[in-house]
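Then turn to the links inside the protein.

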Amino acid sequence: MNDFFFQVYQLVRKIPPGRVTSYGAIAAYLGSPGAARMVGWALNASGSQNEFVPAHRVVNRSGLLTGKFHFDTPRTMQELLENEGLKIANGQILNFEKKFWDPAKELKNKL
DNA sequence: TAGCTGACGCCCT
DNA sequence: CAGGGCGCCAGCT
(Lines give C-alpha, C1' and ligand atoms only; values in the text may rest on other atoms or scores of the structure.)
Protein backbone atom coordinates (compact mmCIF):
# COMPACT_ATOMS: atom_id res chain seq x y z
CA MET A 1 0.00 0.00 0.00
CA ASN A 2 1.38 3.34 -1.04
CA ASP A 3 0.99 6.78 0.45
CA PHE A 4 -1.17 7.70 -2.47
CA PHE A 5 -3.74 5.11 -1.48
CA PHE A 6 -3.53 6.10 2.16
CA GLN A 7 -4.04 9.75 1.33
CA VAL A 8 -7.07 8.89 -0.73
CA TYR A 9 -8.62 6.87 2.08
CA GLN A 10 -7.77 9.54 4.61
CA LEU A 11 -9.38 12.20 2.48
CA VAL A 12 -12.46 10.19 1.63
CA ARG A 13 -13.08 9.51 5.31
CA LYS A 14 -13.19 13.27 5.88
CA ILE A 15 -16.13 13.68 3.52
CA PRO A 16 -19.12 14.62 5.69
CA PRO A 17 -22.29 12.52 5.38
CA GLY A 18 -24.67 13.92 2.84
CA ARG A 19 -21.81 15.39 0.85
CA VAL A 20 -19.92 14.08 -2.16
CA THR A 21 -16.75 14.82 -4.06
CA SER A 22 -15.19 13.77 -7.34
CA TYR A 23 -12.26 11.61 -8.29
CA GLY A 24 -10.69 14.54 -10.10
CA ALA A 25 -10.99 16.78 -7.06
CA ILE A 26 -9.22 14.23 -4.91
CA ALA A 27 -6.52 13.64 -7.49
CA ALA A 28 -5.97 17.37 -7.86
CA TYR A 29 -5.84 17.78 -4.10
CA LEU A 30 -3.18 15.11 -3.90
CA GLY A 31 -1.17 17.00 -6.47
CA SER A 32 -1.82 14.84 -9.50
CA PRO A 33 -4.60 16.33 -11.61
CA GLY A 34 -5.53 13.94 -14.36
CA ALA A 35 -4.76 10.96 -12.18
CA ALA A 36 -8.43 10.63 -11.29
CA ARG A 37 -8.26 7.05 -12.52
CA MET A 38 -5.80 6.31 -9.76
CA VAL A 39 -8.31 7.53 -7.19
CA GLY A 40 -10.85 5.07 -8.50
CA TRP A 41 -8.24 2.36 -8.40
CA ALA A 42 -7.42 3.25 -4.82
CA LEU A 43 -11.07 3.13 -3.82
CA ASN A 44 -11.36 -0.21 -5.54
CA ALA A 45 -8.88 -1.49 -2.97
CA SER A 46 -10.68 0.36 -0.17
CA GLY A 47 -12.45 -2.89 0.65
CA SER A 48 -9.11 -4.25 1.82
CA GLN A 49 -8.88 -1.52 4.41
CA ASN A 50 -9.72 -2.31 8.00
CA GLU A 51 -11.37 1.05 8.47
CA PHE A 52 -14.56 1.87 6.63
CA VAL A 53 -14.09 4.09 3.61
CA PRO A 54 -17.21 5.90 2.35
CA ALA A 55 -16.36 5.25 -1.26
CA HIS A 56 -19.99 5.86 -2.18
CA ARG A 57 -19.42 9.57 -1.52
CA VAL A 58 -16.99 9.71 -4.41
CA VAL A 59 -18.50 10.11 -7.86
CA ASN A 60 -17.32 11.35 -11.19
CA ARG A 61 -17.26 15.00 -12.13
CA SER A 62 -20.86 14.87 -13.41
CA GLY A 63 -22.25 13.44 -10.20
CA LEU A 64 -22.65 10.06 -11.90
CA LEU A 65 -22.39 6.96 -9.73
CA THR A 66 -19.90 5.34 -12.06
CA GLY A 67 -18.51 3.07 -9.38
CA LYS A 68 -21.79 1.56 -8.25
CA PHE A 69 -21.01 -1.72 -9.98
CA HIS A 70 -18.06 -2.22 -7.66
CA PHE A 71 -20.25 -2.49 -4.60
CA ASP A 72 -22.04 -5.62 -3.48
CA THR A 73 -24.94 -4.72 -5.69
CA PRO A 74 -25.28 -1.96 -8.28
CA ARG A 75 -27.84 -0.20 -6.09
CA THR A 76 -25.83 -0.29 -2.86
CA MET A 77 -24.05 2.96 -3.64
CA GLN A 78 -27.27 4.75 -4.48
CA GLU A 79 -29.04 3.51 -1.38
CA LEU A 80 -26.18 4.57 0.86
CA LEU A 81 -26.28 8.04 -0.63
CA GLU A 82 -30.05 8.28 -0.39
CA ASN A 83 -29.76 7.14 3.19
CA GLU A 84 -27.62 10.21 3.81
CA GLY A 85 -30.27 12.50 2.39
CA LEU A 86 -29.04 12.76 -1.18
CA LYS A 87 -31.41 12.53 -4.11
CA ILE A 88 -30.44 10.37 -7.02
CA ALA A 89 -32.06 10.00 -10.41
CA ASN A 90 -30.90 7.79 -13.21
CA GLY A 91 -27.65 7.01 -11.43
CA GLN A 92 -26.90 10.68 -11.03
CA ILE A 93 -26.84 12.87 -7.91
CA LEU A 94 -29.37 15.70 -7.98
CA ASN A 95 -28.12 19.13 -6.91
CA PHE A 96 -24.62 17.77 -7.23
CA GLU A 97 -23.19 21.29 -7.25
CA LYS A 98 -24.76 22.03 -3.87
CA LYS A 99 -23.71 18.71 -2.37
CA PHE A 100 -20.20 18.87 -3.79
CA TRP A 101 -17.49 18.82 -1.16
CA ASP A 102 -14.26 20.29 -2.45
CA PRO A 103 -11.23 19.12 -0.40
CA ALA A 104 -9.16 21.98 -1.77
CA LYS A 105 -11.58 24.44 -0.17
CA GLU A 106 -12.73 22.56 2.90
CA LEU A 107 -9.29 21.46 4.03
CA LYS A 108 -7.26 24.32 2.65
CA ASN A 109 -6.72 25.94 6.03
CA LYS A 110 -6.92 22.76 8.01
CA LEU A 111 -3.75 21.16 6.81
C1' DT B 1 10.92 -6.94 -17.64
C1' DA B 2 7.39 -4.90 -20.64
C1' DG B 3 2.76 -4.08 -21.52
C1' DC B 4 -2.18 -3.66 -20.38
C1' DT B 5 -5.72 -1.95 -17.67
C1' DG B 6 -8.56 0.95 -14.67
C1' DA B 7 -14.61 3.52 -9.97
C1' DC B 8 -11.71 9.80 -14.64
C1' DG B 9 -11.16 14.26 -17.04
C1' DC B 10 -10.27 17.30 -20.72
C1' DC B 11 -9.30 18.36 -25.54
C1' DC B 12 -9.93 17.47 -30.33
C1' DT B 13 -12.57 15.96 -34.39
C1' DC C 1 -24.24 17.54 -29.86
C1' DA C 2 -21.67 13.01 -29.91
C1' DG C 3 -17.74 10.06 -30.31
C1' DG C 4 -12.88 9.12 -29.91
C1' DG C 5 -8.23 9.76 -28.10
C1' DC C 6 -4.57 11.02 -24.87
C1' DG C 7 -2.72 11.85 -20.12
C1' DC C 8 -2.40 10.76 -15.47
C1' DC C 9 0.08 6.70 -11.73
C1' DA C 10 0.22 2.24 -9.75
C1' DG C 11 -0.97 -2.61 -9.66
C1' DC C 12 -1.42 -7.01 -12.07
C1' DT C 13 -0.44 -10.64 -15.72
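A polar contact is a pair of N or O atoms within 3.5 Å; within protein, one must be able to donate a hydrogen and the other to accept it, and residues adjacent in sequence count only if both atoms are side-chain atoms. By that rule, a backbone N or O atom of G24 reaches a phosphate oxygen of DNA strand B at 3.3 Å.

This is a predicted model: local features need pLDDT of at least 70, side-chain atom pairs count only at pLDDT 80 or more, and totals for chains, interfaces and linings use all residues. Residues are numbered from 1 along each chain as its sequence is written, chains are lettered from A and ligands numbered from 1 in the order in which they are written, and side-chain values use heavy atoms, with hydrogens and water left out.

A backbone N or O atom of L43 sits 2.7 Å from a base nitrogen of DNA strand B.

Now widen the view. A residue is near a strand if one of its heavy atoms lies within 4 Å of it. There are 17 residues around DNA strand B, and R37, G40, L43, N44 and R61 come nearest. Sugar and phosphate make up 52% of the atoms of DNA strand B that come within 4 Å of the protein.

Which helix gives the largest share of this surface? It is α3, with six residues. Both α2 (23-29) and α3 (36-44) supply at least two residues. Helices (H or I, at least four residues) and strands (E, at least two) are DSSP runs, numbered from the N terminus. By type, the surface holds six nonpolar, nine polar and two charged residues. Here Ala, Val, Leu, Ile, Met, Phe, Trp, Tyr, Cys and Pro count as nonpolar, Asp, Glu, Lys and Arg as charged, and the others, Gly among them, as polar.

Next come the salt bridges (a side-chain nitrogen of Lys or Arg within 4 Å of a carboxyl oxygen of Asp or Glu). The whole structure has three. R13 pairs with E51, with the closest N and O atoms 3.8 Å apart. R13 lies in helix α1 (residues 3-13) and E51 in the loop between α3 and β2 (58-59), so the pair ties together parts 38 residues apart in sequence.

R57 pairs with E84 at 2.7 Å between the closest N and O atoms.
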